[in-house]
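Let's take a friendly walk through some side chains and their surroundings. Keep the structure open as you read.

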Amino acid sequence: MKAAAAALALLLTAGVAHAADSNLIEAVRAGNAAAIETLLRQRADVNAASADGTTPLQWAVRSGNLSTTERLLRAGANPKAANRYGVTPLYLACVNGNAGIVEALLKAGADPNGALPEGETALMTAARTGSVEVLEALIAKGADVNAKETVRGQTALMWAAAENNAAAIQLLLKRGADIKARSAGGFTALLFAARDEIGRAHV
C-alpha cells in the first residue's frame with residue numbers, strides 16, 4: 001500500500017510539473033511576465049520543449065522580448081538548444097536582427113559559429129537580414145567571416161550581396177571577408193550582387 005501511494009504521489013507530482021512546464025511555454029508566448037515569474041519560482045522546467053522541440057527561450061527570442069530572454073537565461077535556459085529542425089535561439093535572433101538579444105545569447109554561451117543543418121551560419125543569416133549591429137556582435141565573439149555553407153558553398157558576403165545589403169557588405173569586407181571566394185556554382189559576391197541588380201531591372 002505504501003509503495004502504491006508513493007507511486008501515485010510521484011505520478012501526480014510529475015503531472016503538476018508537466019503542466020507547469022507547458023504553462024511556462026504559453027506564458028512566454030503570451031508575453032505574460034508575471035506568469036513567467038510565478039512559474040519560474042515554482043521551478044517549472046525552463047528548458048522543457050513543445051512537440052516540435054521549441055523551448056520557452058526560443059519563443060521569447062522569436063517574439064523579440066529581450067527582458068524575458070534575459071530572465072530565462074538567468075533561470076538556466078540553454079542558449080544552444082535547437083528544435084527538431086535545427087533552429088536555435090541565435091538563428092531566430094539573427095532573423096529578427098535583434099542585436100540586444102544576440103548579445104545576451106552570446107554572453108550566455110551561444111555558439112557564434114552555430115549553423116542550421118544545411119550549413120547556414122548565424123553570420124550568414126545576419127548578412128542576409130542586414131543588421132550591422134548583429135554582424136558586429138557575432139564577429140566580436142569569433143564568427144568566421146569566410147565560412148561556407150555546405151549546400152551551395154556560399155559565404156556571408158555572398159548572402160549580403162545577394163540581398164543588396166550594402167552596409168553589411170562593407171562591414172564584412174572590413175572584417176576580412178574574401179571578395180574573391182567562389183560558391184560551388186562558381187559565383188563570387190560580385191556576381192551575386194550583379195545577378196540581384198539584373199533581377200531588379202527586370203521587375
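## A pair in helix α2

In this predicted model, Arg41 counts as exposed, at 66% relative accessibility. Its salt-bridge partner is Glu37, with N and O 3.5 Å apart. Glu37 is partly exposed, with a relative accessible area of 23%. Both residues sit in helix α2 (residues 33-41), four residues apart, which is about one turn of the helix.

## Other salt bridges

How many salt bridges does a search of the whole structure find? The search turns up five. One of them joins the side chains of Arg29 and Glu26 at 3.6 Å, N to O. These two are three residues apart in helix α1 (residues 2-30), so about one helical turn separates them. Arg29 is partly exposed at 48% relative accessible area, and Glu26 is partly exposed at 42%.

Glu136 and Arg175 form another salt bridge, their closest N and O atoms lying 3.0 Å apart. This pair links distant parts of the chain, 39 residues apart: Glu136 belongs to helix α8 (residues 132-140), while Arg175 is in the loop between α10 (166-174) and α11 (189-201). Glu136 is partly exposed at 30% relative accessibility, and Arg175 is partly exposed at 35%.

## A buried threonine

Now for Thr125, a residue of helix α7 (residues 122-129). Is Thr125 buried or exposed? Thr125 is buried, because its relative accessible area is 0%, and the cut-off for buried is under 20%. Leaving aside residues up to four places away in sequence, Thr125 touches Tyr91, Cys94, Val95 and Glu120.

Terms used:
Residues are numbered from 1 along each chain as its sequence is written. This is a predicted model: local features need pLDDT of at least 70, side-chain atom pairs count only at pLDDT 80 or more; totals for chains, interfaces and linings use all residues. Side-chain values use heavy atoms; hydrogens and water are left out. Buried means under 20% relative accessible area, exposed over 50%, partly exposed in between (1.4 Å probe, protein chains only). Contact means heavy atoms within 4.5 Å. A salt bridge is a side-chain nitrogen of Lys or Arg within 4 Å of a carboxyl oxygen of Asp or Glu.
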